[in-house]
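Hi,

Here is the structure I said I would pass on. Have a look at it first, and then read my notes below.

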Amino acid sequence: RVGCSFGMGEQQVQLAVALFRKKNPNHVNYASLIRWALGEAPGSCCAHPEGASDPQRGQRPARNIFLLIGPPGAGKGVVAPRLSEAYKIPHLSTGKMLRAAAQSGSSVGSHVKEIMRRGALVPDALVASIVRTRIQAADCASGFILDGFPRTRPQVDLLDAMLAETGDKVTNVLLFTVADEALRTRICGRWSHEPSGRIYHETRAPPQSLRLGALPSPFTMLDDVTGESLTQRADDTEQALQTRLEAYHRLSEPIIVHYESLGIVRRVDADCMPADMWVRVQAALVNGRYVVVLHGPPGVGKGTVAPLLSQVLGVPLLSMDSMLRTIVAEGGANAAQIDEATKSGLPIPDDILLGVLRARAQAPDCRSGFVLEGFPRTAEQAKLFDAMLAETGDKVNCFCSLTAPDAALRLRIAGRWVHKASGRPYHVTMAPPRSLPANGEPSPESMCDDTTGDALVRLPEDNEEALRARLEVHRKDAAQLLAHYQAAGVLRSVDAQCMPQLILDRVRAAL
């Protein structure tokens with residue numbers, strides 16, 4: 001099929017295959033056969049059997065090879081440059097490689113140009129040959145990121161065989177998932193800078209040139225770096241998208257199944273803003289679940305930042321206080337003991353706390369990880385928590401310690417109100433509910449929960465004397481706790497003396 005597409009007669013093709021098979025029937029290097037059919041240097045006609053030495057590879061370490069798989073508009077173009085920068089490996093887009101080949105003037109390029117001019121699909125073998133040549137370049141010595149290849153199950157086999165020649169294999173498959181409906185909104189507002197591949201969006205990631213209220217056009221949509229006009233793809237329409245999505249789902253499923261069987265697929269929930277995509281990719285690349293712990297003194301902002309961080313990472317928030325309240329309300333295991341300890345101000349035994357956390361962390365929504373707030377509070381609890389995670393091959397990936405001076409904490413506590421049923425925190429100035437009018441006086445009538453409309457309350461312990469005692473307890477327990485995670489290399493200290501959104505940005509940077 002390859003030979004005939006290049007004008008070779010059927011007898012010539014049969015003869016070529018027979019010669020290759022005769023030389024070594026067990027290890028035919030089909031990539032060499034393809035290169036020979038294309039008029040390239042034939043090289044070796046036999047692949048290296050497993051365990052044999054490979055002169056091309058020598059002592060070179062295994063390469064980092066990423067595949068990006070996802071529907072059109074999922075955000076692959078947003079993530080690829082960051083991934084390339086982080087791993088110091090090139091991003092190889094199939095579309096760009098084919099266009100480069102078509103413009104190269106070579107015999108292969110001329111054939112590609114003619115195929116693309118007709119609007120036909122470039123044959124798998126020809127695409128594989130172009131990819132093979134590109135990944136032998138010096139900048140691919142440490143690895144590369146493939147975007148747009150393989151697109152079909154036969155192309156997977158071509159790629160795997162090609163990599164096996166140099167003792168390499170795909171190391172990570174990033175699978176970006178987004179609901180089809182969300183993609184329609186993204187695609188129809190997408191613009192790109194064709195020379196660089198930079199992606200923009202009319203609302204999600206507009207260029208600096210698009211002023212508020214201006215209509216998107218080639219005159220208002222300009223690349224941030226070069227100032228050149230951006231363009232929209234001809235097939236970035238709702239009608240064309242439907243056809244492309246149907247083709248994507250049909251062709252990608254067997255590819256995903258293949259790589260899932262190898263245990264290298266990393267799923268990324270791409271239903272988020274572009275700024276949060278990279279954090280989610282980093283979380284997906286962690287071996288095991290991505291576990292983040294938020295820690296800090298009372299009033300530092302954990303309760304406000306934790307839900308926001310949960311949204312950024314696309315994993316659930318596990319608040320120990322909320323979990324305990326739910327158990328008491330629903331009459332779960334140890335509900336009476338938990339309720340009695342809470343009312344009397346006594347500590348709840350560590351084995352009960354760990355049991356509550358273990359049960360919640362086993363839920364399906366924690367499959368990719370979770371954000372934990374309110375536990376552990378002591379070094380002993382940290383050791384118990386680490387042991388629990390180790391049972392499933394997991395660990396704490398980031399222990400984020402929020403810090404603020406005592407004076408700032410007093411001001412925050414003095415203005416704090418909470419929704420008693422859910423534990424949602426508010427603040428008169430830093431995070432007021434929608435019910436509080438501008439310059440309004442805080443009261444049970446004006447301070448209402450944004451979700452339920454219930455009146456907010458002040459906690460009995462939110463006073464100067466109680467805060468002083470709580471801070472003393474926090475400092476006593478925190479010293480050894482922070483030392484524990486410092487030794488593990490996962491401690492990140494974040495200055496939380498700022499507004500909640502800025503705290504979130506600082507936590508995101510710390511991750």
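**What I found**

Among contacts in the chain with a separation of 6 or more, 68% are between residues 24 or more positions apart. Before you go further, keep in mind that this is a predicted model. The chain has 511 residues, and 44% of them count as buried. Its secondary structure comes to 18 helices and 14 strands.

How far can you trust it? The mean pLDDT of the chain is 85, with 88% of residues at 70 or more. Watch out for residues 39-57, though, where pLDDT stays under 50. The model does have 34 contacts beyond four places in sequence for that stretch. Still, where pLDDT is low, the predicted coordinates should not be read in detail.

Which strands pair with β3? One is β1 (residues 64-69), which runs parallel to β3 and pairs with it over five bridges. To find that pairing on screen, look for N64, whose bridge partner in β3 is G143. Strand β2 (residues 91-93) also pairs with β3 in the parallel sense, over three bridges. There, L92 stands opposite L146 of β3.

**The nonpolar cores**

L146 turns up again in the largest nonpolar core, which has 35 residues. Together with V170 and Y259, L146 touches the most other members of this core. The elements giving two or more residues to it are β1, α4 (94-102), α5 (107-118), α6 (124-134), β3, α7 (153-164), β4 (172-177) and α9 (238-261). Of these, α6 gives the most, with five residues.

Leaving out residues up to four places away in sequence, V170 touches I65, L67, L159, D160, L163, Y259 and I264. There is also a second, separate core of 31 residues, which includes L354, F375, L481 and L491.

Next, turn to helix α4. Its buried residues are T94, M97, L98, A101 and A102. Why do they end up on the same side of α4? They cover an arc of only 135° around the axis, which puts them on that one side. The spacing is worth a thought too: an α-helix has 3.6 residues a turn, so residues three or four places apart point the same way. What covers the buried residues of α4 includes β2, α5, α6 and β3.

**A few single residues**

D276 sits in helix α10 (residues 274-284). Buried means under 20% relative accessible area, so D276 counts as buried at 11%. Not counting residues up to four places away in sequence, D276 touches V312 and R508.

Cheers

Technical notes. Residues are numbered from 1 along each chain as its sequence is written. This is a predicted model: local features need pLDDT of at least 70, side-chain atom pairs count only at pLDDT 80 or more; totals for chains, interfaces and linings use all residues. Side-chain values use heavy atoms; hydrogens and water are left out. Two strands pair if DSSP finds at least two bridges between them. Helices (H or I, at least four residues) and strands (E, at least two) are DSSP runs, numbered from the N terminus. A nonpolar core is a set of buried Ala, Val, Leu, Ile, Met, Phe, Trp, Tyr and Cys residues joined through side-chain atoms within 4.5 Å. Buried means under 20% relative accessible area, exposed over 50%, partly exposed in between (1.4 Å probe, protein chains only). Contact means heavy atoms within 4.5 Å. The arc is that of the directions from the helix axis to the C-beta atoms. pLDDT is the predictor's confidence in each residue, from 0 to 100.
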